[in-house]
Amino acid sequence: MLKILIPSILLLPSTWLTPQKYLWTTTLSYSLLIASASLMWLATPSETGWSFLNCLMASDPISTPLLVLTCWLLPLMVLASQNHLMLEPINRQRTFISLLISLQIFLILAFSATELIMFYIMFEATLIPTLIIITRWGNQMERLNAGTYFLFYTLAGSLPLLIALLLLQNSTGTLSFFTIPYLPSTCSTPWAHKMWWTACLLAFLIKMPLYGAHLWLPKAHVEAPIAGSMILAAVLLKLGGYGMMRILIILDPLTKELSYPFIILALWGVIMTGSICLRQTDLKALIAYSSVSHMGLVAAGILIQTPWAFTGALILMIAHGLTSSALFCLANTNYERTHSRTMILARGLQTLLPLTAVWWFIATLANLALPPLPNLMGELMIITSLFNWSMWTLILTGLGTLITAGYSLYMFLMTQHGQLPHHLISLNPPHSREHLLLTLHLMPLLLLILKPELIWGWNA
Amino acid sequence: MAPPIYSALIISLGLGTTMTFASTHWYLAWMGIEINTLAIIPLMAQNHIPRAIEATTKYFFVQATASATLLFAGISNAFLTGQWDITYTPYTLTSTLITLALAMKIGLAPLHSWMPEVMQGLNLLTGLILSTWQKLAPLYLIYQIQPNNPNIFIALGLLSIIVGGWGGFNQVQLRKILAYSSIAHLGWMILILSFSPPLALLTIIIYILMTFSLFSSFMLTRTTHINSLSTTWAKIPILTVSTPLILLSLGGLPPLTGFMPKWMILQELAKQSLCPLATMAALSSLFSLYFYLRLSYAMTLTMPPNNPAGTLPWRLNPRHNTLPLALTTTSTICLLPMTPAIMSLMPF
């Protein structure tokens with residue numbers, strides 16, 4: 001574990017000490033090296049489930065795919081931010097890269113934490129670099145509001161979580177993940193138990209986000225620069241899912257009754273946010289709402305707590321992370337050329353940028369869960385286990401799948417097909433950097449078709 | 001101010017607090033607090049502008065009232081119990097009166113109205129003394145009276161956290177914001193005082209470190225208004241990195257040091273099964289985080305090439321005595337991993 005963490009920490013001094021000419025090359029190559037080394041976590045032969053242990057950090061089949069995704073994302077973020085940061089003073093470039101690296105450090109510590117309070121502190125610690133990235137390097141005035149919404153929605157959920165965890169620690173003496181599954185349930189008065197249950201889950205549901213508490217997400221995703229959007233969509237939402245998976249073990253048996261409203265809200269959110277996507281004019285907002293939609297399915301899957309549902313949720317989290325990040329990169333290629341996120345201002349790009357159109361096509365197909373991509377595997381496992389839980393959910397999930405296909409196709413047809421608008425006179429051709437970026441996003445997704453056991457979680 | 005007078009006043013400030021710390025007799029404790037008040041009055045009025053005189057007058061009236069109440073409570077305690085020991089206050093009347101008098105001295109809600117007005121009239125150094133040194137003697141006395149009924153402390157504490165957050169919402173003057181932040185943090189201290197006095201000590205120490213670094217940052221750039229914060233990037237660029245971190249630490253965000261007292265206090269409250277109180281206190285501290293965030297927006301997150309909010313000031317010759325700032329800023333940002341070590345050092 002430290003083999004990856006310490007090089008990540010040492011990326012910080014190397015960012016500040018590298019000469020200007022080699023800054024981006026160095027950070028890209030070192031972070032790519034760390035990402036390749038992090039693939040070792042995928043080999044987890046241990047019978048107990050926990051591998052690469054030390055006293056404070058460990059990895060198990062649930063956290064391993066998320067850890068690898070986190071480490072994989074840093075070189076991609078560096079690659080994506082290079083263009084829009086080139087015009088800034090060198091120290092600001094270094095500060096930006098340092099913020100990305102510190103996010104990676106906090107995320108590695110969060111996913112590998114073996115104790116709930118450590119997970120909580122690292123969960124909260126990821127807020128500060130993300131806030132700075134969104135509000136300092138965002139491009140529109142609304143980014144200040146976006147940062148405030150982001151910070152306060154998450155904190156309003158996580159402060160009750162802290163108190164719930166401290167209560168649990170008081171009654172059980174420890175919050176270590178190794179012993180948590182074997183603890184007796186903490187029964188107090190029924191009302192207090194229900195409140196405690198809600199406090200434990202609310203932070204993660206807001207982070208996922210659940211449909212009713214999702215307002216921060218479109219703001220934050222849209223106003224963030226490309227690296228901010230990538231890390232938010234790919235990993236930070238999955239922190240919520242991962243936290244829920246870890247903490248649901250101790251929340252039984254109350255979950256059977258209390259999770260009903262949240263499951264229904266999540267499924268309703270799939271349909272509602274999908275419908276909003278069909279009428280969006282802002283490209284990044286469309287991708288942001290599509291994130292809410294997919295995460296609603298993940299939330300519903302995690303809340304019903306069956307093995308197939310957990311596996312499906314984990315697969316969908318990884319696949320959605322790669323897909324959503326790829327879509328944001330594609331939206332950024334549009335934004336860098338036209339400086340606008342409005343879709344009707346940049347139509348018919350297949351004529352102008354045919355190579356990028358290939359990437360748009362693959363990413364759109366991934367978003368609408370085409371077989372044999374892992375997106376479909378995740379969605380299908382969740383839908384099947386939801387059907388087993390209650391057959392009426394099939395209406396909601398089936399409709400959701402239909403609407404997802406609808407808006408993904410709408411996004412593709414709107415940006416790629418049709419006639420070019422008359423005001424687009426000349427656009428730069430796609431850079432090799434952008435092709436590399438999208439390859440690095442979509443190649444793991446395609447390779448996961450061949451060995452999905454890597455992201456199956458405990459069912460491997 | 002002439003150096004002999006200035007040093008006499010500073011020494012008297014130190015003498016007053018030390019006398020209160022060293023005393024076990026009510027009369028001596030009261031005298032120490034009075035010396036403290038009298039010593040800081042000329043320091044507040046040192047630049048002779050009408051606003052400063054107004055602040056000094058308000059401070060004098062409030063502190064005189066509180067001291068008189070304190071003396072009355074001490075004498076009543078002596079009358080009822082027959083001895084002058086400050087740790088022996090078995091009667092609810094006298095201990096409540098002492099608590100309220102001392103709450104007025106340090107500016108806890110609902111006796112807080114003087115604090116922002118007084119702080120606004122002072123220069124930043126005197127404001128720093130007011131919000132850190134002047135709190136020590138009264139807090140020591142509250143610590144000593146062995147509170148047997150925690151209800152008044154809980155009420156004072158929770159109200160202070162809410163008022164400290166809510167009152168600072170609309171402020172643009174930095175000194176008023178710092179006054180409300182002081183009210184909120186003292187609320188956290190008083191909240192935990194009846195359950196675990198060492199944690200209150202931890203809270204005040206960490207609060208003094210954080211406030212010292214924030215005041216020093218503002219003193220370096222001579223900013224007193226939120227608009228003038230936006231020119232910090234032109235004066236001392238490194239402050240635009242450190243001050244938002246200090247502000248977020250004051251707001252209690254992990255992984256910064258300011259999270260440590262809140263975490264430990266919430267843990268103690270959870271142990272006492274006071275979870276609704278803990279939830280209310282934690283969520284009320286989000287109010288103060290909002291205006292700290294607004295300050296860091298004004299200072300750093302709207303830096304050029306975005307539109308600056310203020311006009312560029314005259315760059316006069318600054319005094320760069322930055323060693324205290326460096327030390328306190330480092331401890332404000334990096335001290336959270338040392339929580340186990342610090343908690344084991346706390347006396348129980």
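# Close-up views of the predicted complex

**Figure 1. The second largest pocket, in chain A, and the helices that line it.** Four helices of chain A each contribute at least two residues to the lining of the second largest pocket: helix 3 (63-85), helix 6 (127-137), helix 9 (216-223) and helix 14 (307-338). The model shown here and in the other views is predicted. Helix 14 of chain A makes the greatest contribution to this lining, with 4 residues. The pocket holds about 650 Å³ of space. Its lining comprises 26 residues, and those nearest the centre of the pocket are His84(A), Trp137(A), Asn139(A), Tyr335(A) and His339(A). Sorted by class, the lining has 10 polar residues, together with 8 nonpolar and 8 charged ones.

**Figure 2. Helix 9 of chain A and its surroundings.** Helix 9 of chain A is largely enclosed by the rest of the structure, because 7 of its 8 residues are buried. The buried residues are Trp216(A), Leu217(A), Pro218(A), Ala220(A), His221(A), Val222(A) and Glu223(A). They pack against helix 6, helix 7, helix 8 (190-207), helix 10 (226-247), helix 13 (283-304) and helix 14 of chain A. Helix 9, helix 6 and helix 14 of chain A are also among the elements that each supply at least two residues to the lining of the second largest pocket.

**Figure 3. The contact between chain B and chain A.** Chain B brings 29 residues to the contact, and chain A brings 28 residues. The size of an interface is often given as the accessible area lost when the parts come together. Here the area buried between the two chains is about 2600 Å², with 79% of it given by carbon and sulfur atoms. On the chain B side, Leu286(B), Tyr297(B) and Leu301(B) lose the most area to chain A, and together they account for 20% of what that side buries. For the complex, the predictor gives an ipTM of 0.92 and a pTM of 0.94.

**Figure 4. The largest cavity, lined by residues of chain A and chain B.** Rolling a probe the size of a water molecule over the atoms shows where empty space is left. The structure contains 7 cavities of 30 Å³ or more, and the largest cavity holds about 90 Å³ of space. From chain A, the lining includes Glu124(A), Leu155(A) and Leu159(A). From chain B, the lining residues are Gly251(B), Gly252(B), Leu253(B), Pro254(B), Phe259(B), Lys262(B), Ser285(B), Leu286(B) and Leu289(B). Two or more lining residues come from each of helix 7 (143-172) of chain A, helix 12 (259-271) of chain B and helix 13 (275-301) of chain B. Helix 13 of chain B gives the most, with 3 residues. The lining divides into 7 nonpolar, 3 polar and 2 charged residues.

Figure 5. Apart from neighbours within four places in sequence, Thr20(B) is in contact with Ala29(B), Gly32(B), Ile33(B), Ala137(B), Tyr140(B) and Leu141(B). Chain B has a mean pLDDT of 91, and 95% of its residues reach 70 or more.

**Figure 6. Leu220(B) in helix 9 of chain B.** Leu220(B) is part of helix 9 (residues 197-221) of chain B. With a relative accessible area of 13%, Leu220(B) is buried. In sequence, Leu220(B) and Leu286(B) are 66 residues apart, and their C-alpha atoms are 28 Å apart in space. Leu286(B) is one of the residues lining the largest cavity.

Definitions and conventions. Residues are numbered from 1 along each chain as its sequence is written. Chains are lettered from A and ligands numbered from 1 in the order in which they are written. This is a predicted model: local features need pLDDT of at least 70, side-chain atom pairs count only at pLDDT 80 or more; totals for chains, interfaces and linings use all residues. Side-chain values use heavy atoms; hydrogens and water are left out. On a 1 Å grid over the protein atoms alone, a cavity is a set of points where a 1.4 Å probe fits but cannot get out, and a pocket is an open set with protein on both sides within 12 Å along at least five of seven lines; lining residues have an atom within 4 Å of a point. Grid points are joined across faces, edges and corners, and a volume is the space filled by probe spheres set on the points. Ala, Val, Leu, Ile, Met, Phe, Trp, Tyr, Cys and Pro count as nonpolar, Asp, Glu, Lys and Arg as charged, and the others, Gly among them, as polar. Contact means heavy atoms within 4.5 Å. pLDDT is the predictor's confidence in each residue, from 0 to 100. Buried means under 20% relative accessible area, exposed over 50%, partly exposed in between (1.4 Å probe, protein chains only). Buried area is the accessible area (1.4 Å probe) that two parts lose on being put together, summed over both.
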